[in-house]
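Please study the sequence and the structure before turning to the solutions.

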Amino acid sequence: MDNLNQLVKDFQNGNQKKFDEIVLLNKDWIIDMIYNMTYNKQDSEDISQDVFVNLFFSVKKFKGNSSFKTWVYRIVINKVNDYYRKLKIRNFFNFELSEIDDMEVNLYLVARNLKINLEKIGLRK
């Protein structure tokens, strides 16, 4: 843990190469934690990339009042919540679009049947 704190301090002081080491030390537990929340390996890896991008740009805000892992844990929770929020919105709109597609197909079938029926009784050619 002391090694991680030193890596964080070095990165905060401008040594950008230390971020690679921070990622290597933390990526496995972060991906595992995300997987335990999403049950999808690909989504876990995608969300973990978002976590690390967020870490890269916000690690200077880390004050050390809590452990670094606790701070990262909160970022992970926020990113997983974002994932579910986006998934919920996407599913809502996909549902709405599929309903519209079904209505268009139904309207087409009704119009086609109406045309066929009108032709049968001689009202339309």
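**Exercise 1: A residue in helix α3**

D43 counts as buried, because its relative accessibility is 19%, and buried means under 20% relative accessible area, exposed over 50%, and partly exposed in between (1.4 Å probe, protein chains only). The model is predicted: local features need pLDDT of at least 70, side-chain atom pairs count only at pLDDT 80 or more, and totals for chains, interfaces and linings use all residues. Residues are numbered from 1 along each chain as its sequence is written, and side-chain values use heavy atoms, with hydrogens and water left out.

Task: state in which helix D43 is placed, and which residues D43 touches, not counting residues up to four places away in sequence.

Step 1. The place of D43 is in helix α3; helices (H or I, at least four residues) and strands (E, at least two) are DSSP runs, numbered from the N terminus.

Step 2. With residues up to four places away in sequence not counted, D43 touches T38 and Y83, where contact means heavy atoms within 4.5 Å.

**Exercise 2: The whole chain**

Task: determine how many helices and strands the protein has, and what percentage of its residues is buried.

Step 1. The secondary structure comes to four helices and zero strands. From the N terminus on, the elements run α-α-α-α.

Step 2. Of the 125 residues in the protein, 24% are buried.

Step 3. Among the contacts with a separation of 6 or more, 53% are accounted for by residues 24 or more positions apart.

**Exercise 3: The pair α1 and α2**

Task: describe how the axes of helix α1 and helix α2 cross, and name the residues that meet.

Step 1. Two packed helices are described by the angle between their axes and the distance between the axes.

Step 2. The axes of α1 (residues 2-12) and α2 (residues 18-38) come within 9 Å and cross at roughly 145°. Axes are lines fitted to C-alpha atoms, for helices over the stretch in contact, and angles run from 0 to 180 degrees between N-to-C directions.

Step 3. This crossing of α1 and α2 is left-handed; a crossing is left-handed if the near helix is turned anticlockwise from the far one by less than a right angle, and right-handed if clockwise.

Step 4. On the α1 side, N3, L4, L7, V8, D10 and F11 take part, and they meet K18, F19, E21, I22, L25 and N26 in α2. By class, the contact of α1 with α2 has seven nonpolar, two polar and three charged residues. Ala, Val, Leu, Ile, Met, Phe, Trp, Tyr, Cys and Pro count as nonpolar, Asp, Glu, Lys and Arg as charged, and the others, Gly among them, as polar.

Step 5. L4, L7, V8 and F11 are the buried residues of α1. They lie on the same side of α1, because they cover an arc of only 100° around the axis; the arc is that of the directions from the helix axis to the C-beta atoms.
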